[in-house]
2 protein chains.
Amino acid sequence: MSIGAARYIIDTGLSKIDDSFFRHSSAAIVGASSDYNMGHAFVQCLQDSGFRGRLYPVNPAGGEIRGLPVYRRLSDIPGRVDYVISCIPARLTPQLVRDSAAKGARVVSFFTAGYSESGRREGREMEDELLRAARAAGVRLLGPNCLGLYCPETGLSFAADFPKDKGGVAFIAQSGGNSIYLIRTAGRRGVRFSKAVSYGNACDVSECDLMEYFITDSDTTMVAAYIEGIRDARRFRRVLQRLAAAKPVIILKGGSTPGGAVAASSHTGSLAGQDESWEGLLRQTRAIRVHDLDEMADMLVALSFPGHPRGRRVAVFGSNGGFSVLTADDFIRAGFELPQLDPPWQQRLHEAVARFSRSDAGMILKNPFDITNIASAEGLQAAMKTMADSGCFDLMVAQLSISNSGWPFVDSPFTAWPGIFVDALLAVHRETGRPTAVILHSITHPVELERFGALQQKCQSAGLPVYDSIPRAVLALDRLVRHNANHPA
Amino acid sequence: MSIGAARYIIDTGLSKIDDSFFRHSSAAIVGASSDYNMGHAFVQCLQDSGFRGRLYPVNPAGGEIRGLPVYRRLSDIPGRVDYVISCIPARLTPQLVRDSAAKGARVVSFFTAGYSESGRREGREMEDELLRAARAAGVRLLGPNCLGLYCPETGLSFAADFPKDKGGVAFIAQSGGNSIYLIRTAGRRGVRFSKAVSYGNACDVSECDLMEYFITDSDTTMVAAYIEGIRDARRFRRVLQRLAAAKPVIILKGGSTPGGAVAASSHTGSLAGQDESWEGLLRQTRAIRVHDLDEMADMLVALSFPGHPRGRRVAVFGSNGGFSVLTADDFIRAGFELPQLDPPWQQRLHEAVARFSRSDAGMILKNPFDITNIASAEGLQAAMKTMADSGCFDLMVAQLSISNSGWPFVDSPFTAWPGIFVDALLAVHRETGRPTAVILHSITHPVELERFGALQQKCQSAGLPVYDSIPRAVLALDRLVRHNANHPA
């Protein structure tokens, strides 16, 4: 059977990705050695991630890894093996595919690299041979040149510290390193994943196969993708159109310049395509385009947390006049409005401040509000509640500059203030339910990072999205409002 | 004497800022109490910053602060007081100016707020009264509503952890919080300051006075400014033109939108002005415009470190194929080139890799180079030296993704690699002297921040600029190349 024919079968739905692609009750790591190597690392990672299946290291040298016997051959393993991870040299891998099929494997994932991305004829031929062997045996291939599957539900993972609880985000990426960073950084910000796939060269399982599956996957509420190249532009357009109509889709296109395209070709053997046609396609399908992984994480945070604003009227409030000015500039530049409180509410704000502060010196009692000098929880709550109750705003944006909170030291009695501020914010949010976003920014010191981490967790646990940069928060909120306007609930 | 007349005297040079504005052998902090308050914090800060002068806390309640007697009145202090910091309510400050003059003070700095920025008539009148008192007494005023002076040479500071050694950057800002963040974050990145001034409402000492001084200040090699508003547009144009012709100038304009302008007015009583005229002025004077404080810090890093590139041919090399692709995209989009090695050098690179690695699988041996799988210092040095010696590049850009370096754990044997990489980089830089920039990015974990901090310090000590974000590094390097093209040495 030719590769073209094999692809046709996939395209026509004969061998679609389904849940069984992600759920495995046994996994073999081929090429794991008792000395530390990549295969060993995979074994350790799956153990520490709590993989809920049997784990079989395989290496001709035998031995033991962390209490597990190392099998000399795949065929020595008793019983069936669902999922195989290859960490052996490329020239040995076609035989591995056949051996895996003989053990009943459904998916073989190739950490192994050195195929089409090498730019060499042998590499391309080897990749074709892999695919032929897989087709003949009815096995699906992931990669080559990838990290494979993350499925928190089954404890399958490719980094030991990925979140162990599941959520609604499906993420696919041609780059393993990008996958690790995105899942880690978004994970720390409260984003949870249904499934993630590092899919490398995409010689068999492609972005189209995966995105098609996510259209109907009931675990998945939104999809993010880092894509360097596609092989079937028509199918991609069709699948993306259906997917983006069903769920929010965020795309980061790598290799969108000539220099990046050279890199993409050497990285995953991808043909990067014209950036103009990508831009048009993404606009047409109303997928959300982002330009780096931090923007992608911001967007996942914006979409994952409840309380989306229904309009562009923003109240900015928090600490530090200079940052208030800059935050206002960024929101206005992005097309938001910062209206002022209606006079009776403005009056109430002044009354609240008069009740709880000796003076209003050093504060801004207009939007953007600088309420640094309200020291008490009651005073902060009264001020924030006035804003929330006024009905003048679609979105409450709290901005706290962490670095200044301990002025003039990293540690001083003033460092308690951000905590008091956050408690007041959460109380008002609980009471009013107003859409609220938090920006905890300007961290310069490891001590501040700890302080920031604690406040961040507190806000996230209460259901509030937290951003760590003013301009990136504004960018994500703008994209969120645009997306929701394009996709009325 | 009217305010107009007083301003005329300054404008005509009768009372210019000079070195004595920054060098004081005694300082009084008025309003410091033995219980912790802002004045107390200033005393503590000046002690911990190593202020090389006499320090006098002043408070009608008397007492003691950290071993220092608290004087009940300014006039009780024996001898002269050069510098006075006001932390008392605004209504008491006109008398303070007169008392300060009586003690021989040259400068009074007002942490005190509640003047023109309050938007109230009493506030504006009080500010005018301050100025009249100062003019009558021949004292210069800083602020009000500011943090005052940072001058590492004399140990004068407004945050205890600011760098204690001096450098060439002068920084002025209307926002105290912005000052703290900028000096802290740039300081951690190896930027050192000649003088910095948080100048608040600028009722007396203005951005023009300060920038004029920096034109000829021999300690200052470049100037950065956060400005919300100016009072004398003609003078500002004249001063900026002369300053920017003499030294690099970086400007962050706050209040450049209508919403930001409202905030600027409430923050420092500033009239923000039309953004278009600012844009034109900055373009005309060839000042470098930035849009937030991180971009400002990046620009100070770019200008402060030696080894500026003379052209746009960049070699990108480091870890992770996906980040290599994205870095290439960002550089190309900003107008840089990523040329390939000339064939003989390309041949040498392949030979080096063949000598030091078992295979080139998983690497990109084209520009952008992914050399993650060269494990040894010798191999990395050989590869980097080939790029440096080739003469194909104006700038070497090393990018390391910190979060992936410990895959699949935050801590694993692989975490040693970035250290080996950095050592090789520094060895090649020592040997070849090629312009080199480092991007240490994608940090997700406190442990990684420590690791990053150590590598960052190592690079900075060796004279290499370090950035923590790929897009912001590209932005700063683009601005650097443009600036240098506009200002040939």
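This is a predicted model: local features need pLDDT of at least 70, side-chain atom pairs count only at pLDDT 80 or more; totals for chains, interfaces and linings use all residues.
## Two domains in chain A

Chain A is assigned two domains: domain 1 covers 3–302 and domain 2 covers 307–486. Their centres, taken over C-alpha atoms, are separated by 40 Å. Where the two domains touch, domain 1 of chain A contributes eleven residues and domain 2 of chain A contributes 13 residues.

On the domain 1 side of this contact, helix H10 (residues 293–304) of chain A gives the most, with six residues. Sorted by class, that side has five nonpolar residues, one polar residue and five charged residues.

## A parallel sheet in chain A

Chain A has an open sheet of five strands in the order S15-S14-S16-S17-S18, and the pairing is parallel. At the edges are strand S15 (369–370) and strand S18 (466–467) of chain A, each of which pairs on one side only. S15(A) is joined to strand S14 (residues 314–318) of chain A by two bridges, in the parallel sense. Within this part of the sheet, Phe317(A) stands opposite Phe369(A), a residue of S15(A).

A helix packs on this sheet: helix H11 (residues 321–333) of chain A touches S14, S15 and strand S16 (395–401) of chain A. The direction of H11(A) makes about 160° with that of S14(A).

## How the two chains meet

The contact between the chains takes 70 residues of chain B and 70 residues of chain A. Several helices of chain B each supply at least two residues to the side that touches chain A, among them helix H2 (38–48), helix H5 (176–188) and helix H8 (258–268). Helix H15 (446–461) and helix H16 (470–486) of chain B also belong to this group. The helix that gives the most to this side is H11(B), with eleven residues. By class, the side of chain B that touches chain A has 34 nonpolar, 27 polar and nine charged residues.

How are the two copies related? Chain B is superposed on chain A by a rotation of 180° with 0.0 Å of shift along its axis, and the RMSD is 0.0 Å. The two copies are therefore related as by a two-fold rotation axis. The same surface serves both copies, since 100% of the contact residues of chain B recur in chain A. Among the residues of chain B, Pro446(B) comes closest to the rotation axis, with its C-alpha at 3.6 Å.

## One residue at the contact: Pro408(A)

Pro408(A) lies in the loop between S16 and helix H14 (417–432) of chain A. Is Pro408(A) buried or exposed? A residue is buried if 20 or more other C-beta atoms lie within 10 Å of its own. Pro408(A) has 23 C-beta neighbours inside 10 Å, so it counts as buried.

Pro408(A) is in contact with residues of chain B: leaving aside its neighbours within four places in sequence, its contacts are Ala41(B), Cys45(B), Phe158(B), Ala159(B) and Ala160(B). Within its own chain, Pro408(A) is 15 residues from Phe393(A) in sequence, and their C-alpha atoms are 34 Å apart in space.

## A mixed sheet in chain B

An open sheet of six strands in chain B has the order S8-S10-S9-S11-S12-S13, with mixed pairing. Its edge strands are strand S8 (148–150) and strand S13 (288–290) of chain B, and each pairs on one side only. From one strand to the next, the twist averages 15°.

One pair in this sheet runs parallel: strand S9 (residues 169–173) and strand S10 (residues 193–198) of chain B are joined by five bridges. Here Val169(B) stands opposite Phe193(B) in S10(B).

## An enclosed strand in chain B

Strand S17 (residues 436–441) of chain B is largely enclosed by the rest of the structure, because six of its six residues are buried. In a regular strand the side chains alternate between the two faces of the sheet. For S17(B), both faces are covered: Thr436(B), Val438(B) and Leu440(B) are buried on one side, and Ala437(B), Ile439(B) and His441(B) are buried on the other.

S17(B) has two parallel partners. Strand S16 (residues 395–401) of chain B pairs with S17(B) over six bridges, and Leu400(B) has Leu440(B) as its bridge partner. Strand S18 (residues 466–467) of chain B pairs with S17(B) over two bridges, and there Val466(B) is the bridge partner of Val438(B).

Key:
Residues are numbered from 1 along each chain as its sequence is written. Chains are lettered from A and ligands numbered from 1 in the order in which they are written. Domain bounds come from an automatic or database domain assignment. Two residues are in contact if their C-beta atoms, placed from the backbone, lie within 7 Å. Helices (H or I, at least four residues) and strands (E, at least two) are DSSP runs, numbered from the N terminus. Ala, Val, Leu, Ile, Met, Phe, Trp, Tyr, Cys and Pro count as nonpolar, Asp, Glu, Lys and Arg as charged, and the others, Gly among them, as polar. Two strands pair if DSSP finds at least two bridges between them. Axes are lines fitted to C-alpha atoms, for helices over the stretch in contact, and angles run from 0 to 180 degrees between N-to-C directions. Copies are superposed by least squares on the C-alpha atoms of residues with pLDDT of at least 70 in both. A residue is buried if 20 or more other C-beta atoms lie within 10 Å of its own, exposed if 12 or fewer, and partly exposed in between; C-beta atoms are placed from the backbone.
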